Amino acid sequence: MSPLDAVIFDVDGTLVDSERDGHRVAFNLAFEEAGLPDRWDVDTYGRLIKITGGGRRMAFWFQQNGRSPEESTELAERLHVRKTALMRELILDGRIEARPGVRELLDTLDAHGVPIHVATTGTRAWVEPLLDTVFGDRFQTVLTGTEVPALKPDPAVYLEVLALTGADPARTVAVEDSANGVNAAVAAGLRCVAAHNPYTEGDDLTRATIVTDGFTDPALVGWFAQALSDTEPGTAGN
Ligand SMILES: [Mg+2]
């Protein structure tokens, strides 16, 4: 196995369960504030997540539950503004936590002097406060959908991190939770460790180097231990 020059992390669903613990909760708070009875439990949200874009997701739901298309769209647009503000509040209040085992992996990489970066298609407006609140200032390079708008599986955001850091793709590993993410990393020439969550368990992750249940999965821990044993301390990140 080649040594590690760098590890690049996805955010949404990888470093944090931002859908389940963040966006879903913010939607429910927006419904509650507006005096609506609608609530999305974890399973319901798992089905709705396939509809991309928060506004579209709410409009679909309202229409499915008996409102007219016009009323659904109008209500969804209004609530989506509030939902976005509520999501930011949740982040700043520290209500979204790192997935179990993430901190331990970041500490291990730090101890071996391996630089860690972020490549996400989330917008900087919430990614930056989220990373600051949950992890502090520990990522060297953070690129978001604000700088690189092409959505994964387009490899653009990964290619941009590689260009900025000068990391050798053959010695760099991505960590992702979903099919789109894995495919983006692989298209950028990277190996990819998949750490799926309950929402992405059914994704086709076959292009990943290894598929694991998350950061406490012994398969993931063992994979990084092996990769790091081939990496001489202090030689990474030149
Ligand atoms: Mg993701």
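Which residue of β3 is the bridge partner of Val118? The legends below take this up, along with other views of the predicted model.

**View 1. Strand β2 and its neighbour β3.** Val142 is the bridge partner of Val118 in β3. Strand β2 covers residues 116-119, and β3 covers residues 141-143. The two strands pair in the parallel sense over three bridges.

**View 2. Strand β2 and its neighbour β1.** Strand β1, made of residues 6-9, pairs with β2 in the parallel sense, again over three bridges. Here Val118 of β2 is the bridge partner of Phe9. The side chains of β2 are divided: Ile116 and Val118 point one way, while His117 and Ala119 point the other way. These residues are all buried. Helix α5, residues 102-111, lies across β1 and β2 and runs at about 155° to β1.

**View 3. The open sheet.** Six strands make up an open sheet with parallel pairing, in the order β3-β2-β1-β4-β5-β6. At its edges are β3 and β6, each of which pairs on one side only. On average, neighbouring strands of the sheet are turned by 20° against each other, direction ignored.

**View 4. The edge at β6.** Strand β5 (residues 191-195) and β6 run parallel and are joined by three bridges. Strand β6 spans residues 210-212. Thr212 in β6 is the bridge partner of Ala195.

**View 5. The magnesium ion.** Three residues supply the protein donors of the magnesium ion: Asp10 (OD), Asp12 (O) and Asp177 (OD). These donors lie 2.1 to 2.2 Å from the ion. Along the chain they follow the spacing D-x1-D-x164-D. Asp10 is in the loop between β1 and α1, and Asp177 is in the loop between β4 and α8, so the pair ties together parts that are 167 residues apart in sequence. Asp10 counts as buried because its relative accessibility is 6%, under the 20% cut-off. Asp177 has 5% relative accessibility, so Asp177 counts as buried too.

**View 6. Residues 234-238.** The mean pLDDT of the chain is 92, and 96% of its residues reach 70 or more. Over residues 234-238, however, pLDDT stays under 50. For this stretch the model has nine contacts beyond four places in sequence. Where pLDDT is low, predicted coordinates should not be read in detail.

Note on methods: Residues are numbered from 1 along each chain as its sequence is written. This is a predicted model: local features need pLDDT of at least 70, side-chain atom pairs count only at pLDDT 80 or more; totals for chains, interfaces and linings use all residues. Side-chain values use heavy atoms; hydrogens and water are left out. Buried means under 20% relative accessible area, exposed over 50%, partly exposed in between (1.4 Å probe, protein chains only). Helices (H or I, at least four residues) and strands (E, at least two) are DSSP runs, numbered from the N terminus. Two strands pair if DSSP finds at least two bridges between them. Donors are N, O and S atoms within 2.8 Å of the metal (3.2 Å for Na, K and Ca); water is not among the atoms, so sites may look incomplete. pLDDT is the predictor's confidence in each residue, from 0 to 100. Contact means heavy atoms within 4.5 Å. Axes are lines fitted to C-alpha atoms, for helices over the stretch in contact, and angles run from 0 to 180 degrees between N-to-C directions.
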